[in-house]
Amino acid sequence: MGYSGFRVIKEGLFGQKGWKPVWRDPEPKAEYDAIIIGGGGHGLSTAFHLAKEHGMTNIAVLEKGYIGGGNVGRNTTIVRANYFLPGNSEFYSHSLKLWETMEQDLNYNVMHSQRGLINLFHSDGQRDAFARRGNAMVNQGDDAILLDREGVREHLPYLDFDNVRFPIYGGLYHPRGGTARHDAVAWGYARGADQRGVDIIQNCEVTGIDIENGVVKGVQTSRGAIKAKKVAIVVAGRSGQVAEMAGMRLPIESHVLQAFVTEGLKPVIDHVVSFGMGHFYISQSDKGGLVFGGDIDFYASYASRGNLPMKEHVMDAAMTLMPMIGKAKVLRSWGGIMDMTPDGSPIIDKTQTEGLFINCGWCYGGFKAVPGSGFSLAHLMATGNHHAPAAKFRLDRFRSGIGLMDEEGTGSQHNLH
Ligand SMILES: Cc1cc2nc3c(=O)[nH]c(=O)nc-3n(C[C@H](O)[C@H](O)[C@H](O)COP(=O)(O)OP(=O)(O)OC[C@H]3O[C@@H](n4cnc5c(N)ncnc54)[C@H](O)[C@@H]3O)c2cc1C
């Protein structure tokens with residue numbers, strides 16, 4: 001089913017009765033050419049690109065819950081290409097370009113809004129670091145503008161510029177950064193993959209990975225065994241557990257990250273704003289809710305909910321930056337499980353098992369990576385070669401120490417930063 005303005009008007013006039021399910025609900029087949037474990041953003045995007053770019057359509061995405069129930073439907077929806085280090089920089093740059101054509105590629109409204117992202121800085125040292133990052137972004141072909149205090153005030157007049165602890169010195173403005181509706185991205189990719197013949201199988205948990213003589217043969221699931229020539233583990237916060245089924249111990253810790261949304265308000269925040277001193281970020285959804293978040297909770301967990309100390313920390317940061325927010329009522333908060341790598345950068349690679357691939361380690365920044373990650377993993381699975389923008393996302397960098405990408409400058413303990 002295609003979408004158009006005409007269709008929306010017609011359905012509105014005739015009782016919305018003509019819409020059909022946007023993807024099938026197939027029974028699993030006995031065998032596929034490729035299986036993607038995990039129906040989050042990355043898994044669905046991988047399936048879509050395998051079908052679209054490489055003509056591989058005998059594929060299944062196996063999702064233990066429902067599409068959009070994982071982190072892809074739980075994040076704060078920020079999309080940007082403002083990474084600093086070679087390796088990350090070109091990957092996120094490529095991913096943002098795919099965002100810019102996604103709605104046309106999928107014929108699906110994901111509400112991608114390039115409203116601009118402003119990262120604030122609060123000291124001379126921080127300004128220098130942001131100037132360097134901005135130069136790296138521009139060298140990569142992306143956009144970055146260093147704003148002084150008055151430049152920030154023009155965009156964000158409601159901030160507390162003279163906070164005694166954290167006065168605002170300026171900000172790094174990334175006009176092509178913005179937001180998208182997170183679960184629509186999952187639905188759009190699911191629909192696009194389904195249209196190309198991919199089986200999307202929900203309520204199908206992978207419980208084992210079949211390996212013979214170092215070669216992957218298929219998976220065991222809650223709905224029976226399924227054979228496959230290629231299998232990809234794309235399960236975000238569950239990466240450690242699923243990789244263990246293949247005898248792998250990953251350099252990943254799973255941590256909780258919380259998010260918050262207020263009641264719907266009239267338009268007040270036009271951009272995505274990030275506070276340089278408190279790891280706080282905020283935007284306003286199209287429904288009017290202020291959507292915001294902060295740091296991970298500082299303990300490893302598989303629970304999709306967080307604890308009060310981090311809630312308090314996030315509210316503190318919000319009040320420091322924009323005291324007006326104290327008048328808004330928080331409607332809901334929730335958590336997701338983050339696959340944290342030691343250097344804060346992801347992994348897209350083959351494994352020691354022939355035919356078994358892994359895509360994980362997106363930490364708390366994997367939503368913006370969804371199109372690029374799927375494109376690059378599909379390339380690797382179909383051709384056997386690393387896609388150039390993702391060529392540095394190797395698993396063995398954690399064994400050798402060569403090629404670590406410590407984007408946040410937090411040393412080897414990114415999960416504790
Ligand atoms: C609160 C919060 C805020 C965030 N904010 C941002 C942001 O603003 N910008 C940004 O870029 N990123 C953000 N992120 C990070 C981003 O959401 C994740 O990095 C990304 O969504 C992870 O990839 P995914 O979509 O594939 O994960 P998921 O949607 O979690 O997909 C993994 C899927 O695997 C399934 N699965 C697990 N085990 C099995 C199994 N055994 N068998 C079958 N299926 C299985 C799960 O059910 C799940 O659906 C945020 C995350 C959270 C939680």
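The model is predicted. The ligand is surrounded by 36 residues, and the protein buries 96% of the 1000 Å² that the ligand exposes when taken alone. The second largest pocket has a volume of about 720 Å³. Strand β12 (253-264) is among the elements that supply the shell around the ligand, and β12 also supplies residues to the lining of the second largest pocket.

**Ligand contacts**

- Among the 36 residues around the ligand, the closest are Glu-63, Asn-71, Val-72, Thr-76 and Lys-368.
- Glu-63 places a polar side-chain atom 2.6 Å from an oxygen atom of the ligand.
- Val-72 takes part through its backbone, with a polar atom 2.9 Å from a ligand oxygen atom.
- Phe-367 likewise has a polar backbone atom, 3.0 Å from an oxygen atom of the ligand.

**Make-up of the ligand shell**

- At least two shell residues come from each of α2 (41-54), β12 (253-264) and β16 (330-340).
- The element that gives the most is β12, with three residues.
- Sorted by class, the shell holds 17 nonpolar, 13 polar and six charged residues.

**Second largest pocket**

- The lining consists of 28 residues, and those nearest the pocket centre are His-182, Ser-285, Lys-287, Val-291 and Arg-332.
- Helix α6 (182-195) and the strands β12, β14 (280-284), β15 (289-300) and β16 each supply at least two lining residues.
- As in the ligand shell, where β12 gives the most, β12 gives the most to this lining, here with four residues.
- The lining divides into seven nonpolar, 13 polar and eight charged residues.

**Positive phi angles**

- Most residues other than glycine have a negative phi.
- Thr-77 is not a glycine, yet its phi is positive, near 65°.
- Thr-77 sits in the loop between β2 (59-62) and β3 (78-79).
- With a relative accessible area of 12%, Thr-77 is buried, because buried means under 20%.
- Met-111, also not a glycine, has a positive phi of about 55°.
- The loop between α3 (88-106) and β4 (117-121) contains Met-111.
- Met-111 counts as partly exposed, at 30% relative accessibility, because that class lies between the 20% and 50% cut-offs.

Terms used. Residues numbered from 1 in each chain as written. Predicted model: local features only at pLDDT ≥ 70, side-chain atom pairs only at ≥ 80, totals over all residues. Heavy atoms only, no water. Near = heavy atom within 4 Å. Polar contact = N/O pair within 3.5 Å; in protein donor to acceptor, adjacent residues only side chain to side chain. Areas by Shrake-Rupley, 256 points an atom, 1.4 Å probe, with all protein chains shown as cover. Nonpolar A, V, L, I, M, F, W, Y, C, P; charged D, E, K, R; others polar. Buried < 20%, exposed > 50% of the residue type's maximum accessible area, 1.4 Å probe, protein only. 1 Å grid on protein atoms, 1.4 Å probe; cavity = no way out; pocket = protein on both sides within 12 Å on 5 of 7 lines; lining within 4 Å. Points joined across faces, edges and corners; volume = space filled by probe spheres on them.
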